[in-house]
Amino acid sequence: MKNTLLNKISANLRIVMVETTHPGNIGAAARAMKNMGQRNLYLVNPRIFPSAEVTARAAGADDILARAVVCDSLQDALRDCVLVVATTARARTIAWPVSTPHECAQEIINGTASGQVAIVFGRESSGLNNDELELCNMAMQIPTDPDFSSLNVASAIQIICYELLQTVMTDPLQEIKKENSPPASAEQMRLFYVHLAECMADIGYYDPSVPRSLMRRMKRLFNRTRLDQDEMNILRGFLSTIQETVGKKK
């Protein structure tokens, strides 16, 4: 498909599959992506890849398989991303705001103007765990019949990529909105959380040996806010000043 806007978006958009068990699902996902104009596939610890079944199910999307990036951890797959969107189908103890693919599509498209954007799909049997969800800025859920909500992962990828394609095709000449200050990357956010935990422990507000859900809630708060790099520098400077002040008093 010769669509300049779609090409720009797909260059900065990656589909991330976490610990996929069945190799056929990887092939089917690659085919679904190619149908919808997407081309960047990241695989986190796939059980079997590559394989003949993967290639057979891809049905002509061999170029996507050839470019697929295999990572040891989800953190590695997201390191340079400025926006990370999780897909989830189940309720969480600490609730996350959840949007539909249609509601998320424009925000995902706008995010690609600032850098790499990832859409993350979990395991076939259990989806993403809470630690993985904490690496994401927002969560997306495909509306289904509540009595039978389980979706094959390749089908879910097709639906979400279709929503992106439809949004682009509705207004193929639209300008993608770019942030004034570049968003903080996933790696910068990781380092910020390490610093935040250290600072809270230094002032006696956080006990790492009894974490409960404090850091999980803090991560949910800041991930949802989507800090830019200027805001990140302000917060890191603020935390450093607190630590210096506490150190002097001690």
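Modeller: Two strands count as paired if DSSP finds at least two bridges between them. The model is predicted. By that rule strand E4 (residues 81–87) pairs with E6, with five bridges between them, and the two run parallel.

Colleague: Which residue of E6 is the bridge partner of Ala 86?

Modeller: Val 120 is the partner of Ala 86.

Colleague: And how many bridges join E1 to E6?

Modeller: Five bridges join strand E1 (residues 13–18) to E6, and this pair is parallel too.

Colleague: Hold on, "since" aside, what is the strand order of the whole sheet?

Modeller: The order is E3-E2-E1-E6-E4-E7-E5, seven strands in an open sheet with parallel pairing. Strand E3 (69–71) and strand E5 (98–99) stand at the edges with a single partner strand each, so one side of each has no neighbour in the sheet.

Colleague: What joins E5 to E7?

Modeller: Two bridges join E5 to strand E7 (residues 138–140), in a parallel arrangement. Val 98 sits opposite Ala 139 of E7.

Colleague: Back to E6. Are its faces covered or open?

Modeller: Both faces of E6 are covered. Gln 116, Ala 118 and Val 120 are buried on one side, and Val 117, Ile 119 and Phe 121 are buried on the other. That makes six of the six residues of E6 (residues 116–121) buried, so the strand is largely enclosed by the rest of the structure.

Colleague: Helices now. How many residues of H2 are buried?

Modeller: 10 of the 13 residues of H2 are buried, so to speak mostly covered. The buried ones include Gly 24, Ile 26, Ala 29 and Met 33.

Colleague: What covers them?

Modeller: The cover includes E1, strand E2 (41–44), helix H3 (52–58), helix H4 (62–67) and H8.

Colleague: What span should H2 have, and how far apart are its ends?

Modeller: At 1.5 Å a residue, the 13 residues of H2 (residues 23–35) should span 18 Å. The end C-alpha atoms are 19 Å apart, which agrees. After H2 comes Gly 37, with a positive phi near 85°.

Colleague: At what angle do H6 and H8 cross?

Modeller: Helix H6 (residues 101–111) and helix H8 (residues 153–170) cross at roughly 65°, and their axes come within 9 Å. The crossing is right-handed. On the H6 side the contact residues include Pro 101, Ala 105 and Ile 109, and on the H8 side they include Ile 160, Glu 163 and Leu 164. The contact divides into seven nonpolar residues, three polar and one charged.

Colleague: Last topic, the backbone. Where is the cis peptide bond?

Modeller: The bond from Phe 49 to Pro 50 is cis, with omega near -5°. Pro 50 lies in the loop between E2 and H3.

Colleague: Why does Asn 45 count as partly exposed?

Modeller: Asn 45 has 36% relative accessibility, and partly exposed covers the range between under 20% for buried and over 50% for exposed.

Colleague: What about Arg 226, what is its phi?

Modeller: Arg 226 also has a positive phi, near 60°. Arg 226 is placed in the loop between helix H10 (214–225) and helix H11 (229–249).

Notes. Residues are numbered from 1 along each chain as its sequence is written. This is a predicted model: local features need pLDDT of at least 70, side-chain atom pairs count only at pLDDT 80 or more; totals for chains, interfaces and linings use all residues. Side-chain values use heavy atoms; hydrogens and water are left out. Axes are lines fitted to C-alpha atoms, for helices over the stretch in contact, and angles run from 0 to 180 degrees between N-to-C directions. Helices (H or I, at least four residues) and strands (E, at least two) are DSSP runs, numbered from the N terminus. A crossing is left-handed if the near helix is turned anticlockwise from the far one by less than a right angle, and right-handed if clockwise. Contact means heavy atoms within 4.5 Å. Ala, Val, Leu, Ile, Met, Phe, Trp, Tyr, Cys and Pro count as nonpolar, Asp, Glu, Lys and Arg as charged, and the others, Gly among them, as polar. Buried means under 20% relative accessible area, exposed over 50%, partly exposed in between (1.4 Å probe, protein chains only). The expected span of a helix is 1.5 Å times one less than its number of residues.
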